[in-house]
Amino acid sequence: MLKIILLGAPGAGKGTQGNLISKKYGFPKISTGDILREAVKNRTPLGMKAKEKMDKGELVDDEIILGIIKERVSREDCKKGFILDGFPRNIKQAEEFEKLGIEGKELAILFEVKDEEIIRRLSSRRVCKNCGAIYNLVVSPPKKEGVCDKCGGELIQRDDDRPEVIKRRLSVYKEQTEPLVKFYENRGILGKVNAEGEIEQIFNSVCDIIGQYL
Ligand code: AP5
């Protein structure tokens, strides 16, 4: 059992690399952001509660997030391992996750990217409405404009990828999520990756780190 935690600022490439890790190692990728966006799309009570916070770039309440995670990691497909993308987001979430007492090795991978690059990436990101595939209009555009290569679904811009929300998300990251770097460093389970450059190259570095834990 390997629990992989992807850490890094918004737009650092957690989702992109998480999809590649999932494909190569067969662990499910659990993205709290994706789960929340799905709930918003379906207008569930959870989605209605989360939307206001997400639109402002603020964190959704810990109780909601912990409820989602507890349920998701208890499923059968998580028995051999899983990848957490976007969780934990603060020390409280990390501590509560530890209290679940899930047996197995734990590894946190930090994706390091400069702020200017993050802003560039998020403003040119498009995601498939149907399958969640991630594109960058500059670096990895779809073959046909506005259409997903993988499933033919419509490509959209996320509501929180507007400049004023990006700014807030970055400061929330620095205030609340960045302290997790020390948290995992102190536990001796943090691997750092320079997340600027080619997606493939970054993935090779990620695999090197995972290889040491398997
Ligand atoms: P969430 O969905 O988790 O968003 P995020 O952390 O802000 O991360 P992103 O999805 O924006 O970026 P990413 O690192 O996955 O980058 P990506 O691979 O897409 O959270 C959204 C909201 O939900 C939060 O603000 C909060 O409200 C709520 N929430 C979620 N989890 C929560 C929690 N645990 N607690 C409380 N609230 C929570 O890449 C970005 C772009 O860059 C793409 O266009 C991609 O194609 C491109 N790209 C990737 N790699 C490269 C590269 N090497 N070079 C050039 N471009 C690249």
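Predicted model: local features only at pLDDT ≥ 70, side-chain atom pairs only at ≥ 80, totals over all residues.
A residue is called buried here when its relative accessible area is under 20%.

Which residues of α5 are buried? They are Q93, A94 and F97. Looking down the axis of α5, these buried residues fall within an arc of 100°, so they line one face of the helix. As for what that face meets, the buried residues of α5 pack against β1 (2-8), α4 (62-73), β3, β4 (105-112) and α8 (179-186). After α5 comes G101, with a positive phi near 65°.

Next, the α4 and α5 pair. Two packed helices are described by the angle between their axes and the distance between the axes. For α4 and α5 the angle is about 35°, and the axes are 11 Å apart. The crossing of α4 past α5 is right-handed. On the α4 side the contact involves D62, E63, I65, L66 and I69; on the α5 side, K92, Q93, E96 and F97.

F97 brings me to the aromatic residues. How many aromatic pairs does a search of the whole structure find? Four. In one of them, the ring centres of F82 and F97 are 6.3 Å apart and the planes stand at 85°, so this pair is edge-to-face. F82 belongs to strand β3 (residues 81-85) and F97 to helix α5 (residues 91-99), so the pair ties together parts that are 15 residues apart in sequence. Both F82 and F97 are buried. Ring pairs also bring in F87, giving a cluster of F82, F87 and F97.

Another of the pairs is F183 with Y184, again edge-to-face, at 5.0 Å centre to centre and with 80° between the planes. Are F183 and Y184 buried or exposed? Both are buried. R187 lies over the face of F183, 3.8 Å from the ring centre.

Last, a residue from another helix. M54 sits in α3, which covers residues 45-56. Its relative accessibility is 14%, and therefore M54 counts as buried. Leaving out residues up to four places away in sequence, M54 touches G33, L36, R37, V40, V60, D160 and V165. Between the C-alpha atoms of M54 and G191 there are 28 Å, and the two residues are 137 residues apart along the chain.

To recap on α5: its buried residues line one face, and one of them, F97, pairs edge-to-face with F82. That is what I have for today.

Key
Residues numbered from 1 in each chain as written. Heavy atoms only, no water. Phe/Tyr/Trp six-rings, centres within 6.5 Å; stacked < 30°, edge-to-face > 60°. Helix = DSSP H or I, 4+ residues; strand = E, 2+ residues; numbered from the N terminus. Buried < 20%, exposed > 50% of the residue type's maximum accessible area, 1.4 Å probe, protein only. Lys NZ or Arg CZ within 6 Å of the ring centre and 35° of its normal. Arc of directions from axis to C-beta. Contact = heavy atoms within 4.5 Å. Axes fitted to C-alpha atoms, helices over the stretch in contact; angles between N-to-C directions. Left-handed = near helix turned anticlockwise from the far one by under 90°.
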